[in-house]
Amino acid sequence: MSDPILSKDRPTRVWVLHPDLKTVDARREPELRLAEAVSLAAALPDLQIMGHEIVRLPKPHAGHLFGTGKMAELKERLTAAEVDLVLVDGPVSPIQQRNLEKEWGVKLLDRTGLILEIFADRARTREGVLQVELAALSYQRTRLVRAWTHLERQRGGFGFVGGPGETQIEADRRAIDDQVIRLKRQLAKVVKTRELHRAARRKVPFPIVALVGYTNAGKSTLFNRMTGAEVLAKDMLFATLDPTMRGLVLPSGRRIILSDTVGFISDLPHELVAAFRATLEEVLEADLILHVRDISHPETEEQAEDVGEILESLGVAEDVALIEVWNKIDALSEAVRAGLLGQDARRSDVQAVSALSGEGIPALLAAIETRLGDERIEEEIDLPFTAGKEHAWLHAQGVIRDEVQGEDGWKLLLRWTEAQKTRFQSL
């Protein structure tokens, strides 16, 4: 999305609304959902938040989302505050958006549109920019019923040959489709380059450890603490988008690659999940996943569920090695902290840390060492077609990195541990 929300000399005045529909994500408290929406708005530059509120909705109005009385009541507040932009924390249909903009005389964005704006503002790499553009076009394609005056016009011939011509809305949609095709071609080239980088990394016997988590859980701060990097780390939603990888030497001297990925969020637009799939697939390449949680957040369990759902949608297997990193323990009261650290944090798959102060980092590094187990080595082997059992076992272990079928059998590139090699030789 190349254009700013509004082009004005003064900051854009914003009002944030959270429609409280009990049928939508009943796990989350509306007050906390509203606070997250306000934080999303604050993540964009040059926005001045004039007010925010929860709007109780028994059911959404098909044409306006809100009822007539509530619309009029909101209009008074918006006019008094000279609001330029209304952010609705939830889905708004194209018809509802057009009608509300016309009724209130302001620009309106729903949750998906807002997240797309943030991603457009933050993307820095070529791949990130292309991914955001692709997601934005997919979103805009459904919004061609907006109140644009030219949509009623037609162009073309008189209709004697081939009908009356195409409407402007059809031309706009076709132009978007052409742009999508062009972007997908460009993105395919960039993704191919990324895959070449992945293939090169596979030849280096260094395990990959990926940081994942809800946005603003402290992943980038933890990444910087562990690697000494200087990735942007702010108390802001989606402070960083583009994935970053750095080498890290564990206390034993073993080298690993640490990967920092984009943060997740509830109701992450499906357009973005699809567009960023190539980036998020870095997680699928990981030997170990560190799920970073803001353990001080009142909805840390719900956030963890959202992250789990996105990982599942990406195809991350349930049995993949994973450590929960309970971050921001420095923000907990002494009583809460003692209770947490005395119970669940004793589990081997949980590490309590403060990325800000460094507390718990040595124990986390030791846990990473333990969970990774033996060092993996790259090796090529030839396997005859008669060794079907061994071939199936290698696939089940997930150690095959490349496979070429010849006349007499398979030529396999493996990445495995000495223990796996020993077990294979005993089959």
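This is a predicted model: local features need pLDDT of at least 70, side-chain atom pairs count only at pLDDT 80 or more; totals for chains, interfaces and linings use all residues.

User: What makes Phe385 partly exposed?

Analyst: Its relative accessible area is 33%.

User: Why is the pair of Phe385 and Trp410 called edge-to-face?

Analyst: The ring centres are 4.9 Å apart, and rings pair if their centres lie within 6.5 Å. The planes make 85 degrees, and anything over 60 counts as edge-to-face. The label follows from those two values, because a pair is described by the distance of the centres and the angle of the planes.

User: How do you know that this pair ties together separate parts of the chain?

Analyst: Look at where the two rings sit. Phe385 is in the loop between strand S11 (377–384) and helix H13 (388–397), while Trp410 belongs to strand S13 (residues 409–416), so the parts being tied together are 25 residues apart in sequence.

User: And why is the pair of Trp393 and Phe424 called tilted?

Analyst: Their centres are 6.2 Å apart, within the 6.5 Å limit. The planes stand at 35 degrees; stacked needs under 30 and edge-to-face over 60, so this pair is tilted. It also links distant parts of the chain, with Trp393 in helix H13 and Phe424 in helix H14 (residues 418–425), 31 residues apart.

User: What makes Trp393 and Phe424 buried?

Analyst: Trp393 has 18% relative accessibility and Phe424 has 13%. The cut-off is under 20%, so Trp393 is buried and Phe424 is too.

User: Which residues do ring pairs link into a cluster?

Analyst: Trp393, Trp416 and Phe424. The count for the model comes to 4 aromatic pairs.

User: Over to the sheet: which are its edge strands, and what makes them edges?

Analyst: The 3 strands form an open sheet in the order S11-S13-S12, with antiparallel pairing. S11 and strand S12 (400–405) are the edges, as each pairs on one side only. Neighbouring strands are turned by 15 degrees against each other on average, direction ignored.

User: How do you know that S12 and S13 pair?

Analyst: Pairing takes at least two bridges, and 5 bridges join S12 to S13, which run antiparallel. For instance, Val404 has Lys411 of S13 as its bridge partner. Helix H13 packs on this sheet, touching S11, S12 and S13, and its direction makes about 35 degrees with that of S13.

User: How do you know that the span of helix H10 agrees with its length?

Analyst: H10 (residues 300–314) has 15 residues, and at 1.5 Å a residue they should span 21 Å; the end C-alpha atoms are 21 Å apart, so the two agree. Just after H10, Gly315 takes a positive phi of about 95 degrees.

User: What makes Gln303 buried, and what does it touch?

Analyst: Gln303, in helix H10, has a relative accessible area of 7%, and the cut-off is under 20%, so Gln303 is buried. Leaving out residues up to four places away in sequence, Gln303 touches Arg28, Tyr214 and His297.

User: Why is there a polar contact between Gln303 and His297?

Analyst: Their side chains are joined at 3.4 Å, and the limit is within 3.5 Å.

Technical notes
Residues are numbered from 1 along each chain as its sequence is written. Side-chain values use heavy atoms; hydrogens and water are left out. Helices (H or I, at least four residues) and strands (E, at least two) are DSSP runs, numbered from the N terminus. The expected span of a helix is 1.5 Å times one less than its number of residues. Rings of Phe, Tyr and Trp (its six-membered ring) pair if their centres lie within 6.5 Å; planes under 30 degrees apart count as stacked, over 60 as edge-to-face and the rest as tilted. Buried means under 20% relative accessible area, exposed over 50%, partly exposed in between (1.4 Å probe, protein chains only). A polar contact is a pair of N or O atoms within 3.5 Å; within protein, one must be able to donate a hydrogen and the other to accept it, and residues adjacent in sequence count only if both atoms are side-chain atoms. Contact means heavy atoms within 4.5 Å. Axes are lines fitted to C-alpha atoms, for helices over the stretch in contact, and angles run from 0 to 180 degrees between N-to-C directions.
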